[in-house]
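Biologist: Before I use the words in a structural description, I would like to see where each of them comes from. Could we go through them together, with the model in view?

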Amino acid sequence: MIDPSLRPVLAILASLLAIPLIFATSSRRNLREGVTIAAALTKFGLIASLVPSVVWGGETHEASLFTLASGIELALEVDALGLLFGLLASLLWIVTSFYSIGYMRGLDEHAQTRYFASFAASLAAAVGVAFASNLLTLFVFYELLTVATYPLVTHDETDEARAAGRKYLTYTFGGGVAVLAGTVLLYAATGTTAFTPGGIAELATTDPTIARAIFALLVTGFGVKAALMPMHSWLPDAMVAPTPVSGLLHAVAVVKSGVFGLARVILDVFGPETVESLGVGLPLAVVATATLLIASIIALGRDNLKRRLAYSTISQLSYIVLGLALLRENALIGGLLHIPAHAFMKLTLFFCAGAIHVETHTDDISDMAGIGRRMPLTMAAFAVASAGMAGIPLLAGFVSKWYIVIGAIEGGGWFFAGALLLSGVLNIGYFWPVVYQAYFESPDDHDEKPLLRGVFGGQTAVETDGGRPVEDGDDHADEPEPYETDHLGKYDEAHDHHGGPPEGGWTAAGWWGGESTWFMLGPILAAATGAVVLGIVPNTAVFLEIVTTVVENVGVMA
């Protein structure tokens, strides 16, 4: 049942209208940040109010913006799939807003008003992506999201930040061109761009060559922000942005807009049956599998914590794409459920990395031996999220990956199931050393990382900067790699790392929050709790109900 409603429009306006208020209160930071929190709570409340009617009532909420030409309309519609993305983004904006206060004040960052305003604009665009009722509307908000997030990527205004921003625009606008081309070709072939659960009927009778071209263009365009290889390299470089940006926009809004777009293409443009008949699902599954394995291997060799997390994100996004490409009920449930599961876990990990940077100015894993004494709660949350990323039971990552593996086996995809299990082992390989050395090693006696640069179990011949082995007479051995600086683009010329333990080792902070402010610790623990809840009680978590509704509406092969 369709219900005309203003709530989709109001959900976008909640953060959009906050932008002038944020600028107006720039000289009073408490009021400015109060506006941010109020807008985030309002946005989430509006979207959450749609859950009962959409999930349990079977309704969709529509709102027409305006018509460009006959049959070409910019319109919003809240269905179960859009609600999944919109609810997640708005919920985590609340958490990230509190975290941003602690982070930006802790580093006494410049241009904080611009930062909070850009965040609000980004969330307006992200919800527009979620609630788009057709491919053209999705394209418009997809491009607006790129524009809104660019100031966040380049926030530090260093040469590294500007270079990362240029690369970000080049890749994402290039992807946008592919989406637009696919949209135009789709309209020419079918006369519509409207999302239809199970796919647009006319595509099933379209010339297969044209249909495959449309699929290729759309998958390529959305695959850029989904960081499918070889279109992924913008993401690690974008880690030069402040950590809250890396956390929400590169674990939720931006990269998830890419996989969300792919979900729309597979489920609501082509439909699983047409994707199967065209034979385009298998190639996409192969690309996703290659991406999740290769990115995990690269992550093993990254010593900078945020860059290791970036390659982990590239790998984990491909779990979602693989689940969609397998076209089976359980695989689809797992792929879609991994959208919120990954968001909670990865947001926790990025928040932890940011807290470590703010409090100790330490960015490299090789400098973190014994840091569990200094930041016990932070590293405990990091351990929980890491275990979830590896697919350990009782955490969100296990549930979503279980569904994907079962779906792969049901469809005869034993190769894909094996690749998923291998990826879990690789996850342990690049996360466990961080946790182990934080709690069980000391700065004076530890195995340096990353694993791929050294002798397993040894203390020598290990490179930790991702560069070449140091040789006698090498005058450039101490220079940092490009982007291997902190988010401020600074490098300590007197040492080959940032921060690290002070003289005498890390000072014990205790388990009662002495390691950081609660503006940062609270969001870290909240995000980690979300990962646990999704893992222990998935049947009562609303995200699983939403995902199940999506799959039921589409109708897929068991």
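What follows is a conversation about the terms used for this model.

Modeller: This is a predicted model, in which local features need pLDDT of at least 70 and side-chain atom pairs count only at pLDDT 80 or more, while totals for chains, interfaces and linings use all residues. Residues are numbered from 1 along each chain as its sequence is written, and side-chain values use heavy atoms, with hydrogens and water left out.

Biologist: What secondary structure does the protein come to?

Modeller: The protein has 21 helices and 3 strands, where helices (H or I, at least four residues) and strands (E, at least two) are DSSP runs, numbered from the N terminus.

Biologist: Why are α8 and α9 called roughly antiparallel?

Modeller: Helix α8 (residues 159–190) and helix α9 (residues 208–225) pack with their axes 7 Å apart and at an angle of about 155°. Axes are lines fitted to C-alpha atoms, for helices over the stretch in contact, and angles run from 0 to 180 degrees between N-to-C directions. Angles under 35 degrees count as roughly parallel, over 145 as roughly antiparallel, 65 to 115 as roughly perpendicular and the rest as oblique, and therefore α8 and α9 are roughly antiparallel to each other.

Biologist: Which residues make the contact between α8 and α9, and how do they divide by class?

Modeller: Contact means heavy atoms within 4.5 Å, and among the residues that make it are Y171, T172 and G175 of α8 with I210, A213 and K225 of α9. The residues of this contact of α8 with α9 divide into 14 nonpolar, 5 polar and 1 charged, where Ala, Val, Leu, Ile, Met, Phe, Trp, Tyr, Cys and Pro count as nonpolar, Asp, Glu, Lys and Arg as charged, and the others, Gly among them, as polar.

Biologist: What makes α15 and α20 roughly antiparallel?

Modeller: The axes of helix α15 (residues 329–360) and helix α20 (residues 518–536) come within 8 Å and cross at roughly 155°, and by the cut-off already given α15 and α20 are therefore roughly antiparallel to each other. By class, the contact of α15 with α20 has 15 nonpolar, 3 polar and no charged residues.

Biologist: How do you know that A75 is buried?

Modeller: Buried means under 20% relative accessible area, exposed over 50%, and partly exposed in between (1.4 Å probe, protein chains only). A75 has a relative accessible area of 7%, so A75 is buried. A75 lies in strand β3 (residues 72–78), and its contacts beyond four places in sequence include A63, F131 and T137. A75 and F131 are 56 residues apart in sequence, and 8.5 Å apart in space from C-alpha to C-alpha.

Biologist: What makes Q112 buried?

Modeller: Q112 has a relative accessible area of 9%, and is therefore buried. Q112 is found in helix α6 (residues 112–131) and touches R32, E33, M104 and R105, not counting residues up to four places away in sequence. In the protein, buried residues make up 62% of the 558 residues.

Biologist: Why is the aromatic pair of Y430 and F431 called tilted?

Modeller: Rings of Phe, Tyr and Trp (its six-membered ring) pair if their centres lie within 6.5 Å, and planes under 30 degrees apart count as stacked, over 60 as edge-to-face and the rest as tilted. The structure holds 16 aromatic pairs. Y430 and F431 form one that is 4.7 Å centre to centre with 55° between the planes, and this pair is tilted. Y430 is buried, and F431 is buried as well.
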